[in-house]
Structure formats: C-alpha cells, structure tokens
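Try each task before you read its solution.

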Amino acid sequence: MDRKLLDILVCPASRQPLALLDRAGLDALNAAIAAGSVKRDDGNAQTEALREALVTHDRKRVYRVDDGIPVLLVEDGIATGQVADFPKA
C-alpha cells in the first residue's frame, strides 16, 4: 500500500488514523474468520480471510484492503473485540 495514501487515511466512523495491521493481528483475525465467529458491522459474517487490513489507532476496528485498495465503509468494518486473542499492541 502506498505510504502517502496511508498517511492521510482515517477511520470513517471515529476519524482515528489508520495503520497497516501487523502479522500477529492479521493471523488472529483470520483464525477467528476461519472459525466463523467474525461479523462485519453490517451484521453479515466475514467469510473470506484477509490478506491485508488497516487498523485504527486504538486497535478496536479493522478495515480490509482488497488488491491494494482500502475498503473504508463503516458497514464493512470489523470490531476487534469479537476476536478473543487479538493483540492489543
């Protein structure tokens, strides 16, 4: 993902800055997705594993990145609170 773009992106809900989700966070999220326990904010299940994602500064919300394009729709956000072993930092 382009560093210049990443520097200006913010969460559409909280307006917090976004950063690339680290490997530990991505692995924990994908394990929960594989177990069928992750829902997006629109109430639908997230069924596909994420290859790349952005996370808010407080690490409470994740947005997927599809083919290098961030999907910053509030309804497509994923609350990290539903992932039991999601790393805090």
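**Exercise 1.** What percentage of the 89 residues in the chain is buried?

*Solution.* Start with the source. This is a predicted model, where local features need pLDDT of at least 70, side-chain atom pairs count only at pLDDT 80 or more, and totals for chains, interfaces and linings use all residues. Residues are numbered from 1 along each chain as its sequence is written, and side-chain values use heavy atoms, with hydrogens and water left out.
Buried means under 20% relative accessible area, exposed over 50%, and partly exposed in between (1.4 Å probe, protein chains only).
Buried residues make up 39% of the 89 residues.

**Exercise 2.** Find where confidence is lowest and highest in the chain.

*Solution.* Confidence is given as pLDDT, the predictor's score for each residue, from 0 to 100. The chain averages 94, and 99% of the residues score at least 70. The lowest mean is 81, in helix H1 (residues 3-8). The highest is 98, in strand S5 (residues 78-79).

**Exercise 3.** Describe the fold in order, then its extent.

*Solution.* Helices (H or I, at least four residues) and strands (E, at least two) are DSSP runs, numbered from the N terminus. The chain has two helices and five strands. Their order along the sequence is α-β-α-β-β-β-β. The radius of gyration is 12 Å, close to the 12 Å from the globule rule for 89 residues, so the chain is as compact as a globular protein of that length. That radius is taken over C-alpha atoms; the rule is 2.2 Å times the number of residues to the power 0.38. Along its principal axes, the C-alpha trace spans about 35 × 25 × 25 Å.

**Exercise 4.** Is Thr-56 buried or exposed?

*Solution.* First, locate Thr-56: it sits in strand S2 (residues 53-56). Then check its relative accessible area. The value is 2%, so Thr-56 is buried. Finally, list its neighbours. A contact means heavy atoms within 4.5 Å. Not counting residues up to four places away in sequence, Thr-56 touches Cys-11, Ser-14, Gln-16, Pro-17, Leu-18 and Arg-61.

**Exercise 5.** Which residues does Arg-40 touch, not counting residues up to four places away in sequence?

*Solution.* Arg-40 lies in the loop between helix H2 (23-34) and S2. Its relative accessible area is 18%, so Arg-40 is buried. It touches Ala-45, Gln-46, Arg-64, Glu-75, Asp-76, Gly-77 and Ile-78. Now take Leu-9, 31 residues from Arg-40 along the chain: their C-alpha atoms are separated by 20 Å.
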